[in-house]
Amino acid sequence: IAEMTIQTAQLDLSGNGTAAMKISMVTRRGNNAFHGRVFEDFQNHDLNANSWLSNARGLPRNIVKLNDFGFSVGGPIWKNKLFFFGTYAESKQPSSITTTNSVLSTGAQAGVYQYKATNGSIQSVNVMQLGVAAGGTNVINSSVASQFTAINGILSQGILTTGSDPNLSTLSWQYAAHRTIYYPAMRFDFNATDKLRFSLSYTQQKTVYPGANAATWPGGIDTVDLTSSNSNNKIAGFGVDYTIRPTLINQFHAGYMYQYSIFDPENLGLDLTKVTQSFFAYGTGIYSGSYPRQAISSYYPMVSWSDTLTWQRGNHSIVAGGGYYHEQDHYWNGPGGYPGISLGFNGNEPTYSALSASLAAAGLTTTQQGQAAGLYAT
């Protein structure tokens with residue numbers, strides 16, 4: 001970028017009228033001498049301290065490796081007539097991201113709910129046994145049991161910490177993410193005559209970011225969760241400057257802007273007949289939260305042109321011209337229509353009254369009764 005201007009809520013001499021904000025950018029250009037540059041911006045997690053929260057959880061520093069590097073070169077193709085300028089930059093950022101989820105304890109998975117009594121001691125009730133006494137079942141749902149098994153199998157891939165609730169632990173783990181951004185740009189300028197000049201420019205910003213969206217659990221037990229976020233944005237411009245005479249100049253600019261973003265492309269074509277979203281009434285299962293991430297894309301092409309005639313008359317500047325732009329906004333969401341199951345416990349359940357009475361008789365608070373009933377419902 002050689003020049004950037006921002007104009008807000010005012011009438012300026014370009015003849016574009018009043019707008020909330022207008023941003024104009026001019027690409028660097030070549031001349032009769034060759035010039036170039038190279039650069040590198042380096043960052044590394046070895047130069048950083050660990051965060052307080054990661055230290056408290058016993059997790060290592062998140063990986064941060066940033067390399068922003070590139071080069072540019074410009075000069076003549078045909079002296080005094082045709083010039084070029086080109087640049088290429090790339091940003092590579094391997095990193096790790098910390099995420100968490102709640103895990104039911106081994107006892108809670110078997111139906112044993114622990115709670116703090118009024119005297120401060122830790123007590124427990126077996127909600128499966130209370131459920132049988134209330135006329136219900138003591139058989140764990142096979143789908144829920146398989147989720148428990150899968151979650152227990154990946155606990156070694158993170159760090160478990162306990163909090164105020166003895167039935168729940170927090171699993172913290174890190175996963176790798178690698179973001180790469182590409183920045184190519186080029187410009188050509190042609191002096192057809194001393195009065196007539198042409199310019200052509202192209203810039204692009206392309207982002208590839210696998211692992212941008214965290215999985216609910218580590219270990220790949222949910223195969224449609226860890227997804228990427230990618231984009232590809234381009235701008236092409238064409239300009240003609242015609243100096244009719246030193247005090248009378250006509251400028252014509254045309255451009256095409258292309259913006260494309262896609263989120264969760266790994267799940268394009270996801271077979272929704274095999275998807276069921278379920279929410280535990282207490283704790284977290286595999287198929288809850290953001291599961292499944294649906295692919296979303298946006299595509300915003302815009303074509304524009306403007307022509308401005310500027311006449312310098314003594315102390316006065318007279319500007320006339322016109323312009324046009326056409327924008328299309330395309331926003332696409334992946335299809336829905338898969339079932340969602342929310343597990344819970346309410347008055348419509350035949351065992352509700354008897355189980356609630358047993359929990360109250362055991363001395364549980366209202367909050368503890370709700371959690372214990374939610375555990376039984378799960």
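Strands here are DSSP runs of E with at least two residues, and helices are runs of H or I with at least four, both numbered from the N terminus. I am working on a predicted model, where local features need pLDDT of at least 70, side-chain atom pairs count only at pLDDT 80 or more, and totals for chains, interfaces and linings use all residues. Residues are numbered from 1 along each chain as its sequence is written, and side-chain values use heavy atoms, without hydrogens and water.

**Salt bridges**

I searched the whole structure and got three salt bridges. My criterion was a side-chain nitrogen of Lys or Arg within 4 Å of a carboxyl oxygen of Asp or Glu. R61 pairs with D46, with 3.9 Å between the closest N and O atoms. This pair links distant parts of the chain, 15 residues apart: R61 sits in the loop between α1 and β4, D46 in the loop between β3 and α1. R187 and D189 form another, at 2.9 Å from N to O.

I then checked burial (buried is under 20% relative accessible area, exposed over 50%, partly exposed in between; 1.4 Å probe, protein chains only). R187 is buried at 8%. D189 is buried, also at 8%. D46 counts as exposed at 53%.

**Helix α4**

I listed the buried residues of α4 (142-152): V144, Q147, F148 and I151. They fall within an arc of 105° seen down the axis, so they line one face of the helix. The arc uses directions from the helix axis to the C-beta atoms. On the face turned away, I noted exposed S142 and T149.
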